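Q: I would like a close look at a single part of this model, with its surroundings.

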Amino acid sequence: MNEQPKSLTVTGKARYAAGVLEYKKMGYWEPDYEPKDTDIIALFRITPQDGVDPVEAAAAVAGESSTATWTVVWTDRLTACEKYRAKAYRVDPVPGADGQYFAYIAYDLDLFEPGSIANLTASIIGNVFGFKPLKALRLEDMRLPVAYVKTFQGPATGVVVERERLNCYGRPLLGATVKPKLGLSGRNYGRVVYEALKGGLDFTKDDENINSQPFMHWRDRFLYCMEAVNKASAATGEVKGTYLNVTAATMEDMYERAEFAAELGSVIVMIDLVIGYTAIQSMAKWARRNNMILHLHRAGHGTYTRQKSHGVSFRVIAKWMRLAGVDHIHAGTVVGKLEGDPATTRGYYDFCLDEFTPQNLQNGVFFDQHWASLNKMMPVASGGIHAGQMHQLIHHLGEDVVLQFGGGTIGHPHGIAAGATANRVALEAMIFARNAGRDFLADGPTILAEAAKTCTPLRQALDTWKGVSFNYASTDTPDFVPTASVSA
Amino acid sequence: MRVTQGAFSFLPDLTDEQIHTQVQYCIDKGWAVSLEYTDDPHPRNTYWEMWGHPMFDNPDAAALLYELNECRKQFGHGYIRVVAFDSTSGWESVRLSFIVNRPSEEPGFRLSRQEVKGRSIQYTTTPYTTDQPEGQRYR
């Protein structure tokens, strides 16, 4: 589609004659339109039904995500309707994917309420995803203008201040999710937290579905966890934390739990993505007011982010969450058990950490994105990772990341504290080697083996998980380069 | 116990040669390196005493190593850390910090619990040594 059809917009009286007019003729296809600096741009992957013209499909998406309905309405003429119409201005075939097209659509800034993810998403992903002329639709990326970014609080704490509060610089933070994720009593749960933190982790974490169940109600968990945190802090001289999950049925419940966590002196609380955008923004504001780091578990995202043909790319969710104001977001491990190819994952990490993210099609980043001095968001790598992969983790993910070894801590043959120590020693040895100028990726196994000479727990961890890797092809990969999954 | 603040406290104590590699890494990144010392290792004791200003224009790790050994002559009984500061916009804070000198004995911290209502506990962490005045805490 290098030859794009010219504007087909019907003008004058004919435009408003009662009846049905194709979207591309109603002003939703404007190939000559040059997006303004203040426009929001959405990039959709559209798969039109057989026989549907891709330009008409793109125009329909523009129409249905802005002002249009299925028929002409005269009341358009009571408005500055040309301004309010979203405009599809470019439709390109997706390389190597028959029947799929990238549609670029520009939206005027005045279509959106300032500082509201709920409002943004109600337009951009509100109605259009069930639209019949499309087989499938995916929101791939968005260009968010500085004027709009500035209407959001952004991360409550941010990476820099989080590090200052934790007094931890120059290396990834270490965490672990308490396992088994369900069933432990408060007292037993706190034991895992204490052992892991004392052994060398910075954080432990509630899992997404730990809220307040018959086997452990939330107050009990918070009390035992804070005993564990403080005891571990005194045992090591370090600031420690545990992500107390305050996810609950209502905002009132969440505020009550968060306030109790603050009262007990926790440095961090946690929410799940499933609480919804408005609740997330409310908690981000609460976290800013209460000097609290806010961890977000992306529970549920796989239902709409994973398949390439339909849904919302996680890179868009990451952008929305940086605006919404969380401090931590799970963004993939590359080498672990969960979906994520290296280039696509790098794109997510850049959205979390950059001041300015330049367009980079190889990483699936379609637009330049200015972050307008919003705080940085700490990416979290969690799921099926262990000490033996430390060189690969640092190579792919860098140092501003929380590496979370759940099974890789708690499953250690000599106990949780030993597992934590193994991870911490592996991490420090690898960062030291990197800084000292060694080719740590190539020499990774040697560096770990050397460190294990003075650290028995690391030796045991390396022996236990030797060669464990999750080597499957990724489903969500960039469209502009050949991709491969990474094996450990 | 062993105070494990800083990036490398889980590794065996660093030799001067090893410290040099890390300091040179920081300098090559454009960060200003400096030394700080204390005899109060409380986890939230942010402001250790400065051993001079950050070396904003120092190209060579040897200069910091020289200062480290001067610092040790005076405060070798306490904690000394290397701090690397990055003034880049969007960071403007510490990039790397690690302990390069520690007391021969580290008695650790007392955890005090004040029981308040509803089974809540208010916790306070106190280094055992800070019962003594500054300068007399470690030998």
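Which residue in β4(A) stands opposite A:Pro48?

A: A:Leu134 in β4(A) stands opposite A:Pro48. The model is predicted: local features need pLDDT of at least 70, side-chain atom pairs count only at pLDDT 80 or more, and totals for chains, interfaces and linings use all residues. Residues are numbered from 1 along each chain as its sequence is written, while chains are lettered from A and ligands numbered from 1 in the order in which they are written.

Start with the strands. β1(A) and β4(A) pair in the antiparallel sense, over 8 bridges. Here strands are DSSP runs of E with at least two residues, helices are runs of H or I with at least four, and both are numbered from the N terminus. Strands count as paired if DSSP finds at least two bridges between them.

Now the whole sheet. It is open, holds 5 strands and has mixed pairing; the order is β2-β3-β1-β4-β10 in chain A. β2 (87–93) and β10 (311–312) of chain A are its edges, each pairing on one side only.

Helix α1 (residues 54–64) of chain A packs on this sheet. α1(A) touches β1, β2, β3 (101–107) and β4 of chain A, and its direction makes about 140 degrees with that of β2(A). Contact means that the C-beta atoms of two residues, placed from the backbone, lie within 7 Å. Axes are lines fitted to C-alpha atoms, for helices over the stretch in contact; angles run from 0 to 180 degrees between N-to-C directions. Helix α11 (residues 314–324) of chain A lies across β4 and β10 of chain A, at about 45 degrees to β4(A).

Next, the domains. Chain A splits into domain 1 (29–149) and domain 2 (159–464); such bounds come from an automatic or database domain assignment. Their C-alpha centres are 35 Å apart. Domain 1 puts 19 residues into the contact, and domain 2 puts in 23. On the domain 1 side, β1 (40–48), α3 (117–124), β4 (134–143) and α4 (146–149) of chain A each give two or more residues. β4(A) has the largest share, 8 residues. By class, that side has 12 nonpolar, 2 polar and 5 charged residues. Nonpolar covers Ala, Val, Leu, Ile, Met, Phe, Trp, Tyr, Cys and Pro; Asp, Glu, Lys and Arg are charged; the others, Gly among them, are polar.

Chain A has a closed barrel too. Its 8 strands run β5-β6-β7-β8-β9-β11-β14-β15, with parallel pairing. From one strand to the next the twist averages 25 degrees. Within it, β9 (residues 293–297) and β11 (residues 328–330) of chain A run parallel, joined by 2 bridges. There, A:His295 has A:His328 in β11(A) as its bridge partner.

α6 (residues 186–199) and α15 (residues 416–435) of chain A pack at about 35 degrees, their axes 7 Å apart. Several residues meet there, including A:Val192 and A:Ala196 in α6(A), and A:Ile416 and A:Ala420 in α15(A). The residues of this contact comprise 6 nonpolar, 3 polar and 2 charged.

Finally, chain B. 29 of its residues are in contact with 31 residues of chain A. β4(B) gives the most to the chain B side, with 5 residues. That side has 17 nonpolar, 9 polar and 3 charged residues.
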